[in-house]
Structures are given as C-alpha cells and as structure tokens.
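Thanks, everyone; I would like to take a few minutes to walk through one model with you, helix packing first, then the interface, then the sheets.

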Amino acid sequence: MAPILQLNRVKAFYGQSEVLHGIDVAVEEGGMTVLLGANGAGKTTTLRAICGMVRHEGEILFAGQQLERRSTEAIAGLGVAHVPEGRGTFIGLTVEENLRLGGYARPRQSSANIERMYGYFPILGERRRRQAGELSGGQQQMLAIARALMMTPRLLVLDEPSFGLAPLIVEDIFKIIDRIRREETVSVLLVEQNASLALEAADHAYLIETGYIVTSGTAKALANDPQIRRSYLGY
Amino acid sequence: MHQLLQQIFSGLASGAIYASVALALVMIYRATDLVNFAQGEMAMFSTYIAWTLVNAGLPFWAAFVITLIVSFLGGMAIERVIIRPVENAPVLAAVIVTIALLLIFNSTAGWIYSYTVQDFPSPFPDRPLLGALITTRDLGVIVVTLIMLVLLFLFFRFTSTGLAMRAAAQNPESARLCGISVGLMLAIGWGLAAAIGATAGIMVAPVLFLDPNMMGGVLIYAFAGALLGGITSPVGAVVGGLIVGVTENLVGTYLIASQLKLTVAFALIILVLVFKPNGLFGTAIIRRV
Amino acid sequence: MEKPVIAVVADSLGAGRVTRLDANVWQWLAIVFPILLAAALPFALSKYHVFELTMVMIYAVAVLGLNILTGFNGQISLGHGGFFAAGAYTTAILMHRYGIPYWTTLPAAALVCFVLGVLFGLPALRFEGPYLALVTLAMALATPQLLKYFDTWTGGQQGINLVKPDAPHWLHLDQDRWLYFVALAALLIAIRIAANLLRGRTGRALVAIRDQPIAAAAMGIHTARYKTLAFGTSTLFTGVAGALAAIVVGYVSPEGYSLFLSVSFLVGSAVGGIATIGGAIVGGLFIQFVPNLANDISDAAPWAIYGLAMLLFMYAMPRGVVGTLGPWIAGWLRRLVP
C-alpha cells in the first residue's frame, strides 16, 4: 500500500538556521506513525513543514499531491487535519463554534458531523454552549481532536496530545484515538514525547534527534531496541 | 429638564455616528491590532460618491446601497493592496500607512470635489417629534444605525463567514488549519468597516455639511469612544460612542463654549480611563511572559 | 570608561547595536568630515537655504526626542507638537514679556518641558498602545485651543513676534548663519546626550522595559521611574527644539502647533528609523523638504503626494531609512577594520 504521506529529503528553516536536515518520513495509509524525540529535536517543526507553516525545501507528497508550495489553508482543504502544539483552541468561542469552524471546509456535513463528535466525546456535548477557554486541559484536547475530525480528514496530524495532561486523561485520549482509527478511515501521524504510550499505539515509528532521523522501523522493533529503551523509555 | 432631554437625544444621534465609526475601528483593531486612522477619510470619500450619485439623479436609497457596495469593495481592495505589504512589518509602519491613506483621501477629495462646502440631502425630513424632544432626522439616524448594528450582530453570530472572521481575528494560525483563508477574512473585515463608515458619513453629512474635512472631528470622537468602551469590545465601541456623543453635547451646552469643548470632553474621557485603563468593557491586554 | 565617539557613529548607524571599534583614521574621518561639512555649508549657500537647513536640524532634535520615547521605550506619542509649542511659547513669553536674552531662555524651556514631560509621563504610565495614543492625541488637539484661550499670556490668535537675535559682534556673522551654528551646536549636544543615555545602563533598562516589561520589573528595574524619565527627556529635547524654532522663525502662533505638527514628528521618526539617532536627521530632512517637494509636484493635491511618499518609504524601508540601511552600512564599515 502506498504511503499516504511521504517526506523526501525535507529541510526546514527558522530564518537563516536550518533545523531539519533532509529527513525522510512515510505514513502508511490507514496506519499510525509516531515521531519520537526529545525537546527541540524537530518534531513540531516537521509537522509545521508539512502544513506549510515554516520555510522548507524538499518533497512532501500527500495522496500523490505535492504540498510544498501550497498555503496552510489549502493543505487543510486537501484533507490534512493538524492539531497543533498547545491545542490551538479558539478560547474566546464556544465549544460548538469551535467544532463548526472545524467543519468550515465541509459545510454540508457539518451538523451531522457535530453530532458524531458529541458521540465520541460526550463531555463536549454537555458543554457545547460554554466558552472553550473554560474547559479543562483534557477536555480542550478532546475538543481539538474533534475539531480536526470535523474536517473528515484523510490524515490526522497530532502534536503532543499528552502534553500537560494527567496520566489517566492521557490514557483516555489514546483510547479515543485508537477508536477513531478503527471507526473513521483516517491515517495518523503522531508526535509524542511520551514514548511508551506512543509506541504501544502506533504501527511505525521514527526517532528524530537534532533535525536528523536516527532510527526508523516498526513500533514494536523500536520498543524493543535497548538504546531507545534506555534513552526514552527509562528501562 | 426638557432641554436636558433634548440635548441627550440629540447627543445620542451624534453618538450613533461616533458609535458606528468606533465599531469600524474596533473591528479592524481586533483583526489586525491596528487603529485605522484613515477610517474617517474613507467614510468622507464614500459620502462624496453617494453625493455624486444623488446629483446624477439617483434616488437617495439607491445611491446609498450602491455606495455601500462600492465602499465594501474599495475597503477590501485597500486591505489587499495598501495594508498587506506592512502586515508583518513593525506596527508603527502600519500606523504611518493609515495616516498616509488619511492624507491621500483628504487631499484627493479636495482636488476632485474642491473644498467648497456642499449640501447633502437627508432622507428624513427635519421635523420635531415627541413634543420637540427629538427631530425625525435624529431619530432616523439612530434607527439606521441600530439596524446596521443588528445586521452586523446577526452576521457575526450566525453565519459561517462571520464565525470564520471572528476565528481569524482571534487565532489566525488555528483558523488557517481549519482551511480558512485569513487574508480573505481580513479583506472582508476592512470591506465591512468601510461600508459602516460610509453609512456613518452619509448619515452625518446633512448635519455637518459635506466637505473634505467633514469627518476629522468625527474620527477623533469615535476613536475616543472606541477606547472608552474598550478597544477590543464591539459592544464597548457602541456604548462608548454614544457616551461620547451625549457628553460632547452636554459639555457644549452647559459647561463651556465651543472653543474648549473638545479639550474638556477629552479631559473627562481620560479621567474615566485613569480609573479603567482598558476602557469600560475592554479586557486587559494579557501579556504572556 | 567613555566610549570613543567613533563607536557612537557606528552604533547610531547600526541602529543601537553595540559594536566595539578602535580608533582608526578612516573612522575619525567618518565623523569629523560630516561636522566640517556642516560647518562649511552655510557659507556656500544662500540665506534661505541656510534657514531651511537650520530648520532641518531643529526638527531633527525634536524627532530625536520622539525617538527616545517611541523607539527606545515603545510608547507612541501623537502629542509631541504640544511640547514643541510649550518650549516655543516659554521662550517667546520670556523674551517678549520679560526681555530675557534668547540663549538664557533655552535652559528655561528645557526645564519647563522636562517637568511637563514628567507630569504627563506619570499618569501616562497607566496606558498602553492605542490608549496612550489617545491621551497624547488629546494633548495635541488641546494645544492650539489652550493657546488661544489663555491669550493674555500667549497673545491669543495674534501670536507673539520676536526679535531675531544678532550674532556676537566679534564673529561677524549675519543672523541666519549665526542661528544655523546655534542649531548645529544644539543638535550635536543632543546627539551626544542621547547616545550616552542610550548606550549606558539607562538605555539598556529602557530597551528591556520596551521588549519584556514583566521580566524587566522582575529583575528589579524600576519600570515607572525609567518610563517617566524617558518621557521627560523626550519632551525636554522636543521642547528645546521648539524654543529654537521660535527664535529662528521669530514668530509663534497657535496655528503653527496643530495636530499636523505632532503627526509630522511621528512620520519623520518612522521614516528615519524610530530606534536610531541618525534617523532623527533623516526625519528632519523629510519634515522640512518633502511638503515643499510635494507642492512642486502637484499644487492641487500636495498632501496626497506627501502621503504617497510616506507609503513608499514604509513599503521600501519599514524600519526607516537608518533602521534598514544602518545595519547594512555598519556591517560594511566593520569590514574596514582590520
């Protein structure tokens, strides 16, 4: 099966500094790929390059289409839903308005999709008229994922969904991500610092260090790799 | 007492004008963190367009609608062509650009239409109502402004474009991730602001008489009203504009002759701001370290 | 240890970035040559041109005052015309009513405007961004009205006429050329003071307050004190410029200190480069010459041309002439050092 997302020799730049040094990443269609690495390794930069939010070179192919010179909003329109670092919630708007915004590019299915989201995340349904800024961290993460799903994307890109959340909530989130993978036809590219959870959930994994991909393989292989276990899994 | 009420009502009418322009200022400020100093001159120019159409024989309301459409498109064009190059530049550069626009519009209007003061027709006859408490003209101004505000509220609250514009103003990056073209939203914002300004200009021209410097004072009072209400709050803009209008009128009638009216009115506004530095309804500009 | 003046020039070109430069024949020329040129010019030009250049230097001092506030402290003022007027009228009233010699009025104007600046600076501290713009706008608008109102002192609408001073007789200079050198001296002193102020502790504190006010306060920088000081110093400069202008022009009246003057200062500041010292001179040139040029191009809509000039400058050089070209030239200059 051809990968739904393919990065070839991608470099990324902040100003004059090169921060990604020609990386190759692939996400299989229907699969979940995780990009692991420490702070500042370049995980978020990779996601931003995919969505056209940072200056980059190299080839980025999504379902056969080139993403390199497209604007962020055009890439979103093609079916790439990105849940950014920090959630990117519209805190001044209500929960339902946040969801409606996710459905901006798919107006006809919007209402039906919103109800489906309340099915996945009942707590959002309870708080639909509340300001998004009033939600707890875990609830905002659910809202961010729901907002992304409103776009009926082919690729879901998640930037550190576990960030700042209590372990129990993180487990819930990952259960939901798993359920979504099964019930919706969507591929997932996940960026995480929480290596053990991510490797459990994913099919494939890449390890990035200071802008270079240092290891790649199946998630199981990386989970059993003694180096990775020592550096990232703590045992 | 009767005179007091009269002055309050007539202050509400001029306040409605200030409120409209203040609302336009707040809309643009929320979207771009920029005060559009050219808002008044753009409105004046739109009013001249309406005047030209009326002189060419069009009925008033037809000229009004056409002017609104032209102003909307013009506002969008100005945002894309004039403002876009300095969108990512230091704020002062953008401020200078809006001041430049102010000068260009003012001077061009003077060149095309001369500085002779012109009459501008009002769709409302100037008759006293409610036992001479308020004139039909003033009431008409207030009603038109109210209708415009309600339409804007409905637009922003219930349409997807309105929602997208609010999102783009609050969090442009997240808006792009939802597939919203933030640039287009900005342009629409400027277009709406221009249309609002045009409405204000057309409403005020019968009273102030049309000349290129007509909106200078209006802009200053509108700016004060927007800040009094809180530069980030549309409701504040309207309330602030109305308060400024009434205050200006009362100060001019009861306190001091027209020479120092502006100074005293401003002193009062600033006094309020000393106690509420972010305006009556504004939220503090939150600084994250 | 005092910084060599050479470094001051390179620094001002480099928009405030601190560079270490040792004395070198080329760099001495870079600073001495313009001063010599400036000193020689009045003898080569007609009286009217001398007057124009004098006004350029006076506006440069005024804009330098605004730069201290806006560029180094991040506070936008739309009201500096008011302080210009305060300086001008202080001089005019002292000269006209009390017969005080012109050069004595300058320190008086400086003091008056510094105190005014501190008085305004204290409440102005509460206001940010557009709110401060409004407060200063109010000052600019109030100025002509107040000047007309207190007409027993200010001469009201009529204004005050002043006698242009003569040069000390042993210099054998005519009035215009003498005043040119007075203005030149004032400009050089102003640049020196500004440079010293802004390179040292005070300058670093101001920039810290501008860029990260919370962190600055957390580090123990007395934000209120520095901001007020910045305001007072800024108004002092602009006030002295106003006083000089009154002496040079020989006339003050409320019309000359309208909102447009304040706006002109802001425009000059932005076009030159708000956080630079050299930019003030560019600003002075812009304020003095562009309106006349605009009139030559189109006397039907001269302000439209002026506005177009503003647009072009902001598109091409959003950080101002010195702000944009300065770092580039400074890099080139640095390469001259072995």
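This is a predicted model: local features need pLDDT of at least 70, side-chain atom pairs count only at pLDDT 80 or more; totals for chains, interfaces and linings use all residues.

Let me begin in chain C, where the axes of helix 8 (residues 175-199) and helix 11 (residues 223-249) of chain C come within 11 Å and cross at roughly 175 degrees. Residues are numbered from 1 along each chain as its sequence is written, and chains are lettered from A and ligands numbered from 1 in the order in which they are written.

As for terms, helices (H or I, at least four residues) and strands (E, at least two) are DSSP runs numbered from the N terminus, and axes are lines fitted to C-alpha atoms, for helices over the stretch in contact, with angles running from 0 to 180 degrees between N-to-C directions. Helix 8 and helix 11 of chain C are therefore roughly antiparallel to each other, given that angles over 145 degrees count as roughly antiparallel, under 35 as roughly parallel, 65 to 115 as roughly perpendicular and the rest as oblique. Residues are in contact if their C-beta atoms, placed from the backbone, lie within 7 Å, and on the helix 8 side the residues that meet helix 11 of chain C include Leu179(C), Ala183(C) and Leu197(C), with Phe237(C) and Leu244(C) among their counterparts. By class, this contact has 10 nonpolar residues, 1 polar and no charged, where Ala, Val, Leu, Ile, Met, Phe, Trp, Tyr, Cys and Pro count as nonpolar, Asp, Glu, Lys and Arg as charged, and the others, Gly among them, as polar.

Phe155(B), Phe156(B), Arg157(B) and Phe158(B) of helix 5 make the contact with Gly162(B), Met165(B) and Arg166(B) of helix 6, and the classes here are 4 nonpolar, 1 polar and 2 charged.

Now to the interface, where 15 residues of chain B are in contact with 19 residues of chain A. Helix 6 (160-170) and helix 7 (172-177) of chain B each supply at least two residues of the side that touches chain A, and the largest share, 6 residues, comes from helix 6 of chain B. That side of chain B has 6 nonpolar, 6 polar and 3 charged residues.

Finally, the sheets of chain A, with two strands said to pair if DSSP finds at least two bridges between them. An open sheet of 4 strands has the order 2-1-4-5 with antiparallel pairing, and its edge strands are strand 2 (17-28) and strand 5 (65-66) of chain A. Strand 1 (residues 3-14) and strand 2 of chain A pair in the antiparallel sense over 9 bridges, with Leu5(A) opposite Val27(A) in strand 2.

An open sheet of 6 strands in chain A has the order 6-7-8-3-9-10 and mixed pairing. Strand 6 (80-83) and strand 10 (212-218) of chain A stand at its edges, each with a single partner strand, so one side of each is left without a neighbour in the sheet. Within this sheet the twist averages 15 degrees from one strand to the next.

Note on methods:
Two residues are in contact if their C-beta atoms, placed from the backbone, lie within 7 Å.
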